[in-house]
Amino acid sequence: MPVCCCRCSLPGHFRNYRDTETEGEIFNSLVQYFGDNLGRKVKAMPLVEETSLLEDSSVTLPVVVIGNGPSGICLSYMLSGYRPYLSPEAVHPNAILYSKLEEARHLSIVDQDLEYLSEGLEGRSSNPVAVLFDTLLHPGADFGHDDPSVLHWKLEQHHYIPHLVLGKGPPGGAWHNMEGSMLTISFGNWMELPGLKFKDWASSKRRNLKGDRVLPEEVARYYKHYVKVMGLQKNFRENTYITSVSRLCRDPDDNDDGQDKSISAQQQIEKSKFITRNWEVQGYQRVDDGSHVPFCLFAENVALATGTLDSPARLEVEGEDFPFVFHSMPEFGAAVSRGKLRGRVDPVLIVGSGLTAADAVLCAYNNNIPVIHVFRRRVTDPSLIFKQLPKKLYPEYHKVYHMMCTQLCSADSNLLSDYTSFPEHHVLSFKSDMKCILQSVSGLKKIFKLSAAVVLIGSHPNLSFLKEQGCYLGHNSSQPITCKGNPVEIDAYTYECVKEAHLFALGPLVGDNFVRFLKGGALGVTHCLAVRQKKKQHLFVEREGGDGIA
């Protein structure tokens, strides 16, 4: 069976494949080819040539992962054959869970019943597998303990599932774009991925961690190094932009109307020998000269690991597009760094009551820029994030919260010199003369002259490559996907989208905004794919053995 590129005549890119070779083996050969050429710094070597393989022999990847942040990195780690086992010397503080783990100590966690292991566990994630994996990696973390993981990892290369991880920038995703002057909300060891302790990496780089919390730029460098040291580079492609992910075919079991259920057992056996081409992934790769090289991939499974920081949420009010209105912390930080706001008499308006808004308040405050802080909630609202953070560990955020509670706007709307809090207010509009109109919950309107405005009220993922912008995947299909309000609806133990078979979602897309919990998504997806792979192998063995299926 000849396989070749229809637009590429490079020597050595042609071989004859045995009929018994799997598409995974073909893919490995192609990855080696493209990897070798990329290693020689070919100027414009595309990810995979668009429609590069002949129709009857083109490669269908078992998995394409969209997003190369910590979710995508951890998934690649586990798809590469790394398996977690209960450490021989480990004793978990949860006696019931430990008893369950002891029952199958010889099996990796991937090969165990995740629903059974997760039963009865509680944690700060709504996804049970995320809670399970977190308590195995960080036992007692929610009680302030820093106990070692009860897992040890083995590389079992026969479990390798061929895959590609596509990302816009270097491995680490949005962490490379975060404001570098602020500490992470999580401890450094909570940011780490399996198999490489953050403190070990930091000490190897001769970095002295002064505290448990670290800078985003350090986390970004750690993730980039992780991909290299774990040998995952061959699975990653940078500077890739996805334009379309579309369904090509549906398995009989995926049809809601019950049609095509009469497919024969013989057809199922034949189908199980090969990877099913379920998805077409189109996009382009930006190369060094700035040009765009299009590509088209086919995949049996697609995993969405994009995060939710692509598109900042907007107020949708008049004048929001004026150039003095920012919608991200990096934009605001850059303006401050360039000195554009220093010496201004007029205050900066900061909208939002989350940690990013608090970061903006601190940035302005530390640069002697007066602040008007507007948010819809009451300062006593129990859902405010500040109430969930210990004061000793997060003194800077509690400083902001203290100002929110004590430096309130007066009845005559006079502003304080450095910071004025406007709880239960919202923005009505921005004006071209750099004024804004605020309105209180009682309907009272106030007008202020600004030097700038920063709207930090959350963000949405960019799922424009999916039909309906991906809205149909959410719990509420009429609303955009958001981390908190409308995450992607998934099976709790496999992370497969409820409304789309062979499409998986993990990380912030399913509500896991903290790195310590998003790792559970990688476990759930890998478990699901491993189970399906075993079923396919079983059917194939029965077919080859002549037993048939009744």
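Me: Why is strand S3 called mostly covered?
Reply: Buried means under 20% relative accessible area, exposed over 50%, partly exposed in between (1.4 Å probe, protein chains only). In S3, residues 60–66, seven of seven residues are buried. Therefore S3 counts as mostly covered. This is a predicted model: local features need pLDDT of at least 70, side-chain atom pairs count only at pLDDT 80 or more, and totals for chains, interfaces and linings use all residues. Residues are numbered from 1 along each chain as its sequence is written, and side-chain values use heavy atoms, without hydrogens and water.

Me: What makes S3 and S10 a pair?
Reply: Two strands (E runs in DSSP, at least two residues, numbered from the N terminus) pair if DSSP finds at least two bridges between them. S3 and S10 (residues 292–304) share six, so they pair. They run parallel. Val63 has Asn301 as its bridge partner in S10.

Me: Why are S12 and S15 called edge strands?
Reply: The open sheet runs S12-S19-S13-S14-S15, with parallel pairing. S12 (325–326) and S15 (419–423) each pair on one side only. S12 reaches S19 (residues 452–455) through two bridges, so that link counts as a pair.

Notes:
Helix = DSSP H or I, 4+ residues; strand = E, 2+ residues; numbered from the N terminus.
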